[in-house]
Amino acid sequence: MATYVIVHGAWGGSAGWTPTAERLRAAGHAVYTPTLTGLGQRKHLFSGAINLSTHVQDVAGVIESENLRDFVLVGHSYGGMVITGVADRFADRIRQLVYLDAFLPDDGTSAFDFIGREGTLHNIAGAGAHGGGVGVPPPDLSVFNVPSAQRALMQSTLSPQPIGTLIEKLKLTGAADRIPKRLYVWCSGYSPSIFTKAYERVKNDPKWQTEVMACGHVMMVDMPDRTFEILAGVA
């Protein structure tokens, strides 16, 4: 049996991963799904001081307080930024890295670097319109091809993303290169996708395993069975 730490993406919280976590636990695995500061059930802690380092520390705190070792670290979407920072600090404790349609950053990159100039300006303008300029409003989930039956409910659970988490550039030492197993899962069922380049970067790299899911960005809602199978398969 394995231990998983699953990090959610921007604008959401850990609740979106509850059904997957429950299935993994029912299969005998231990699963931790921390909610990042200022989001989900911790949105009451939102402030302009929250940045990427805050979210890396959120996950680091779980690892340290639970004394986790030999675990699978999973990041969805923006969560790829977070798990990369965490992996740099805890490389010797991590069994495998799993990026689920996620950012795959290098040293000195930010989420805005992947979003591009037009997307960055759009998000900054949204933060200004939202008030204060420190919270980026969530996008309409139709752009990620979220199934229409679940879209309205999911949309209602989203909250502004602290802009500092998208601006701050990740500082890495390269320690995570020691982690021997890594998987990238790309969702091909929506376009344009800012994660296509990450998949193309690693799909022919022998250090990586890759999977393609023919679904929208929110795979745990769109293809819950396959999402569970992929995660259970790396145990």
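Which residues lie nearest the centre of the second largest pocket? Select A176, D177, R182, R201 and W208. Those five are among the 19 residues that line the second largest pocket. Keep in mind that this is a predicted model.

**Stop 1: the second largest pocket**

Stay on that selection and show the pocket. The second largest pocket holds about 360 Å³ of space. Now colour by element. α3 (79-90), β4 (94-100) and α7 (196-202) are the elements that give two or more residues to the lining of the second largest pocket. Next, colour the lining by class. You get 10 nonpolar, 2 polar and 7 charged residues.

**Stop 2: the largest pocket**

Move to the largest pocket. Its volume is about 1100 Å³. Select A10, W11, P139, L141 and F144 to find the centre; of the 45 lining residues, these are the closest to it. Then highlight α4 (111-130), α5 (148-157) and α8 (219-222), the elements that each give two or more residues to the lining of the largest pocket. Look at α4 in particular. Helix α4 supplies the largest share of that lining, 6 residues. Colour by class again. The lining of the largest pocket divides into 25 nonpolar, 18 polar and 2 charged residues.

**Stop 3**

Zoom in on β7 (residues 181-187) and β8. This pair runs in the parallel sense over 5 bridges. Select L183 and you will find Q209 of β8 standing opposite.

**Stop 4: a salt bridge**

How many salt bridges does the structure hold? There are 9. For one of them, select D225 and R23: their side chains meet at 2.8 Å, N to O. D225 lies in helix α9 (residues 224-233) and R23 in helix α1 (residues 18-26), so the pair ties together parts that are 202 residues apart in sequence. Side chains of opposite charge can pair when their charged atoms come close.

**Stop 5: two backbone details**

Finish on the backbone. Most residues other than glycine have a negative phi, and most peptide bonds are trans. Select S77. This residue has a positive phi of about 60 degrees, although it is not a glycine. Look for S77 in the loop between β3 and α3.

Then select S191 and P192. A cis peptide bond joins the two, with omega at about 0 degrees. P192 sits in the loop between β7 and α7. From there, pick up both elements again: β7 pairs with β8 in the sheet, and α7 gives residues to the lining of the second largest pocket.

Terms used:
Residues are numbered from 1 along each chain as its sequence is written. This is a predicted model: local features need pLDDT of at least 70, side-chain atom pairs count only at pLDDT 80 or more; totals for chains, interfaces and linings use all residues. Side-chain values use heavy atoms; hydrogens and water are left out. On a 1 Å grid over the protein atoms alone, a cavity is a set of points where a 1.4 Å probe fits but cannot get out, and a pocket is an open set with protein on both sides within 12 Å along at least five of seven lines; lining residues have an atom within 4 Å of a point. Grid points are joined across faces, edges and corners, and a volume is the space filled by probe spheres set on the points. Helices (H or I, at least four residues) and strands (E, at least two) are DSSP runs, numbered from the N terminus. Ala, Val, Leu, Ile, Met, Phe, Trp, Tyr, Cys and Pro count as nonpolar, Asp, Glu, Lys and Arg as charged, and the others, Gly among them, as polar. Two strands pair if DSSP finds at least two bridges between them. A salt bridge is a side-chain nitrogen of Lys or Arg within 4 Å of a carboxyl oxygen of Asp or Glu.
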